[in-house]
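Dear colleague,

I am handing over the structure below for your records. Please look through it first; a short account of what was found follows.

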Amino acid sequence: MAQMHNTLSPADGIWSLRRLPDMDEAQFSQWQTLLEHRTGITLSAERRSFLETNLGIRMREIGCGSYQAYYEKIVSGPDAIREWSTLVDRLTVQETRFFRDPDAFRLVSDYVMTRPRELLKKRPLEAWSVGCSTGEEPYTLAMVLNECMGQLALQPLFGVTGSDISKPVIEKARNGQFNPRKLLGMDEDMKSRYFRPAERNTVEIVQSIRDRVCFTRLNVLDLDKAPMHGMNIIFCQNLLIYFRRWRRREIVKRLAERLAPGGLLVLGQGELTDWQPPGLQRVPSEHVLAWIKRQTDEE
């Protein structure tokens with residue numbers, strides 16, 4: 001589908017719409033290569049219109065008239081780094097909400113509730129949300145961990161880290177304010193405990209939970225440089241679907257290295273099929289794709 005592009009006509013000084021030509025095979029191929037090289041994300045041929053739409057919107061905003069000119073701006077222009085960051089944000093941000101996968105969060109709760117109490121007293125629980133988008137997932141993890149600690153009559157010794165490739169969504173996540181529709185389907189008691197009314201008809205996370213959650217910018221291709229180690233829980237849902245099968249396995253191997261012995265890794269259903277990550281044991285569950293790191297493995 002060809003995109004419309006705003007141009008200012010010098011003759012009459014009014015805005016007019018000019019069609020952007022369809023992206024040809026060579027142009028689509030070079031954008032595919034650039035995205036995969038820099039982010040690991042693969043765009044199938046079926047997603048060409050998705051790419052055209054998002055490129056077209058951004059090109060219209062900055063007054064760029066062709067896909068090739070925009071490509072050159074992204075690769076070698078004077079503002080290439082900042083423009084690339086803006087584009088990646090447009091292409092990778094996904095719609096999410098609190099408690100999006102209730103089965104997965106129930107599994108996390110069961111996992112914590114069955115840990116030896118002495119261990120929970122001695123060492124804070126550390127959880128990591130990979131590809132956290134605007135923060136709903138790490139904040140949900142913090143609420144789940146807080147509920148568990150309360151039920152176990154323990155001090156809330158835990159921390160949650162959210163990471164994402166997009167700087168704008170990380171900044172939004174840190175802000176901790178959300179549209180109430182992000183809470184759809186959430187238990188009313190949980191809503192009242194963990195959210196407060198905020199400005200412009202939004203709600204915000206209570207400070208006690210925000211204090212337990214931090215955010216950092218991280219490309220999953222750079223997991224070997226990530227400072228997270230000895231994590232008790234790693235949550236990585238709806239991220240691997242954008243990568244080739246071999247790269248999914250590489251990412252999962254890297255995440256497994258970051259788990260503490262006995263740690264829990266949770267993925268999205270169907271994101272990793274017909275492969276057993278080394279050193280991990282599958283959690284028996286019909287509804288959640290998860291593994292435990294074997295206790296005998298050394299970090």
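At 68% relative accessibility, R200 counts as exposed (buried means under 20% relative accessible area, exposed over 50%, and partly exposed in between, with a 1.4 Å probe and protein chains only). Please note that this is a predicted model, in which local features need pLDDT of at least 70 and side-chain atom pairs count only at pLDDT 80 or more, while totals for chains, interfaces and linings use all residues. Residues are numbered from 1 along each chain as its sequence is written, and side-chain values use heavy atoms, with hydrogens and water left out.

R200 lies in the loop between β6 and β7; helices (H or I, at least four residues) and strands (E, at least two) are DSSP runs, numbered from the N terminus. Although R200 is not a glycine, it has a positive phi of about 50°. N201 lies in the loop between β6 and β7 as well, and has a positive phi of about 60° without being a glycine. Most residues other than glycine have a negative phi. N201 is exposed, its relative accessible area being 72%.

T202 is also placed in this loop, which runs between β6 (195–197) and β7 (203–205). T202, however, is buried, at a relative accessible area of 19%. Leaving aside residues up to four places away in sequence, T202 touches Q177, F178, P180, R196 and P197, where contact means heavy atoms within 4.5 Å.

I turn next to a pair of helices. Helix α2 (residues 48–62) packs with helix α4 (residues 80–92) at an angle of about 140°, and their axes are 10 Å apart. Axes are lines fitted to C-alpha atoms, for helices over the stretch in contact, and angles run from 0 to 180 degrees between N-to-C directions. The two helices α2 and α4 are therefore oblique to each other (under 35 degrees counts as roughly parallel, over 145 as roughly antiparallel, 65 to 115 as roughly perpendicular, and the rest as oblique). From α2, the residues F50, L51, N54, L55, I57, R58, E61 and I62 meet E83, T86, L87, R90 and L91 of α4. By class, this contact has seven nonpolar, two polar and four charged residues (Ala, Val, Leu, Ile, Met, Phe, Trp, Tyr, Cys and Pro count as nonpolar, Asp, Glu, Lys and Arg as charged, and the others, Gly among them, as polar).

Finally, the chain as a whole contains eleven helices and twelve strands. Of its 299 residues, 50% count as buried.
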